[in-house]
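Have a look at the structure below before reading on.

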Amino acid sequence: MKPSIIHSIIICLAALVLPVMVACSSQDESLPEVDNSFMAVFTLDLGDTTPSGTSRSTPADGEYKPGSGLENYIDFSLRNFRCYLFGTDNRFIKALETVSVRSLDEKVHLVSLRLKDTQEVKDALATGCRFVFMANWNTNAEPASGMTIEELCAASYAEFEFSQEKTVLSAGNLIPMYGVKEFESGVPDFKDGKETAELGTVRLLRAFAKVDVKINFVDFAETPAVTSVSLTHSNSKGYKAPANVTKEDQYVTGSWLTDYTPVNIPVDATDIEPALTYDVNTGSYIAYVPEYRNVNDLKAPLDNRSRIRVCFTIGNTEAGGRAVEKEFDFRYSDNPPTGATAGQHFDIARNNWYKFSITAKGKDIEWTVDVIPFTGIELNPDYGLKREEFTGYIVGRDKDGRECWYVGNYYAPAKAVPLYLGPKEKKEADDKFVTINGKEYLLVYADYERTAAKLDHFFEKMSRKKYLLDPAGRTEYSFTFAPGHPEWGPDIYYNKQQMRVWLDEDKNGWKVIHNPDWENAKGEVVGRDEWVPTDGHWYRTLNEWDRLDWNKAVYDKEIREPRIYPKYWFDVFGNRYSWSDGDTKEKRKNKLIEKIGEDWIKYLE
């Protein structure tokens with residue numbers, strides 16, 4: 001028996017000369033047009049899309065098997081991937097600039113990258129070049145001028161720290177990946193002067209290995225209790241890329257056994273003993289780990305090699321029961337692959353799934369162990385994560401362990417917002433739709449208590465239309481950020497007439513109060529009357545201000561006649577009204593009842 005490789009996510013790569021890539025959905029991100037540039041379009045297919053049911057991540061001539069779920073995931077939401085152009089001398093030429101990431105469905109993504117048309121780029125594309133692709137590296141670092149591929153893969157940002165917490169994949173712990181595609185004599189179509197070139201495929205290596213242990217108990221009067229499964233040795237550090245891999249044929253050979261690259265381990269890595277975590281879905285104990293050296297150059301086992309340690313108890317150890325501990329090597333059993341011998345030890349190498357089946361038989365504890373070939377796990381359309389049927393949102397747990405739902409930002413933990421479906425009365429119901437004025441809606445909240453202030457968006461069931469409640473989504477107004485501070489959010493909105501406006505839900509009722517501490521330009525405390533808001537949200541409506549009026553009212557607190565108010569307001573459906581139609585809370589309520597129906601009011605106040 002043998003370990004088998006989780007090989008390889010495939011990227012179909014086509015380089016196009018295009019004027020600009022236009023964003024086509026809310027998941028698209030785009031950059032402005034730049035003249036004289038090449039465009040590279042990668043189509044990443046992470047799932048089983050062929051009629052035969054064989055994943056496209058499985059080459060037809062090899063023994064590879066696809067990974068599943070987060071084992072394949074690339075964090076597009078954070079643009080957590082890079083592609084670089086190198087020469088055949090392995091020296092850095094140019095970074096490809098991301099133009100857009102578009103999800104065609106849950107498994108297929110169109111990634112457009114741009115390469116500025118310089119003489120050096122042209123020469124490389126025509127005479128010989130290499131594309132290096134990196135995913136989930138969590139770095140914004142760029143190769144230095146003249147840096148080689150080998151130096152890139154050995155740079156400080158190519159290392160990762162490893163600990164017990166990293167053994168379980170999560171939104172914040174994705175597997176770093178690396179791949180190369182070479183064109184030793186140039187890209188053929190570009191050499192012929194064509195505007196479009198088909199560049200083939202790129203296969204990515206995952207930086208982690210997967211260790212999977214299933215334990216079976218046979219012929220015990222009382223089923224033993226597993227107390228721990230762990231590795232006796234692992235490394236506290238690893239590299240995100242293999243060493244000295246500058247061409248694809250150095251790690252893609254058509255068979256997992258010859259695909260092995262020498263393990264690549266930082267010299268200052270220290271020894272740790274990670275535990276495996278029980279997976280209730282598979283009944284196995286699993287850990288994702290960095291590479292570890294178990295054998296020397298002659299393939300002889302090292303004294304400090306890593307082994308699997310299994311501990312369990314039979315009965316109550318305080319009342320005469322037994323505590324049992326057993327260790328198992330990483331080595332081939334009775335049926336090794338061609339080129340290996342039975343009992344031969346091997347390293348823990350990146351991109352491999354080491355699947356162990358361990359049987360403890362009877363009170364004498366007869367052990368049998370096999371390293372089983374990876375039989376394949378179907379990659380579901382939900383990346384292995386459960387999704388809510390209507391919305392497609394990922395089903396998860398919030399920090400308090402309560403069921404919640406996530407959009408794509410589940411994979412961006414710093415931005416992830418747990419969402420909660422259905423209003424208060426539907427918290428525990430399976431059907432979370434509510435009937436409002438004769439139509440069914442799904443209300444989506446950003447807090448567990450489902451308060452009106454945290455109604456995030458909603459769907460109409462029949463049309464499946466999604467109504468966004470953020471200012472830009474509700475009005476479809478464009479906006480700009482404060483120069484140098486995009487983290488502050490929108491700075492100015494532009495209405496349909498491209499006038500500068502401000503949008504807010506907060507400042508509705510207003511009154512005049514006296515501020516006795518106000519200082520004039522000379523610093524004298526003279527006091528003055530000021531214009532201040534008194535009421536907050538009115539039925540989740542949105543006010544549209546002339547931008548200068550908003551500054552005068554909110555910042556300057558200036559009192560003038562006629563009084564300063566917003567010009568318009570919007571309801572949750574994006575209907576726009578004159579301010580006079582809702583300048584008091586009661587008038588606004590009556591207008592909403594007239595326009596969208598009285599049943600909505602209880603969900604908006």
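What follows describes a helix, its surroundings and a sheet.

## About the model

This is a predicted model, in which local features need pLDDT of at least 70, side-chain atom pairs count only at pLDDT 80 or more, and totals for chains, interfaces and linings use all residues. Residues are numbered from 1 along each chain as its sequence is written, and side-chain values use heavy atoms, leaving out hydrogens and water.

Helices (H or I, at least four residues) and strands (E, at least two) are DSSP runs, numbered from the N terminus. Which residues of helix H5 (residues 547–555) are buried? They are Arg547, Asp549, Trp550, Ala553 and Val554, where buried means under 20% relative accessible area and exposed over 50%, with a 1.4 Å probe and protein chains only. These residues cover an arc of only 155° around the axis, which puts them on the same side of H5; the arc is that of the directions from the helix axis to the C-beta atoms. Leu548 and Tyr555, on the other side of H5, are exposed.

Just after H5, Lys557 has a positive phi of about 55°.

## The sheet

An open sheet of six strands runs in the order E30-E31-E32-E35-E36-E37, with antiparallel pairing; two strands pair if DSSP finds at least two bridges between them. Strands E30 (478–482) and E37 (576–578) stand at the edges with a single partner strand each, so one side of each has no neighbour in the sheet.

E30 and E31 pair over five bridges in the antiparallel sense. The bridge partner of Thr480 is Ile492 in E31.
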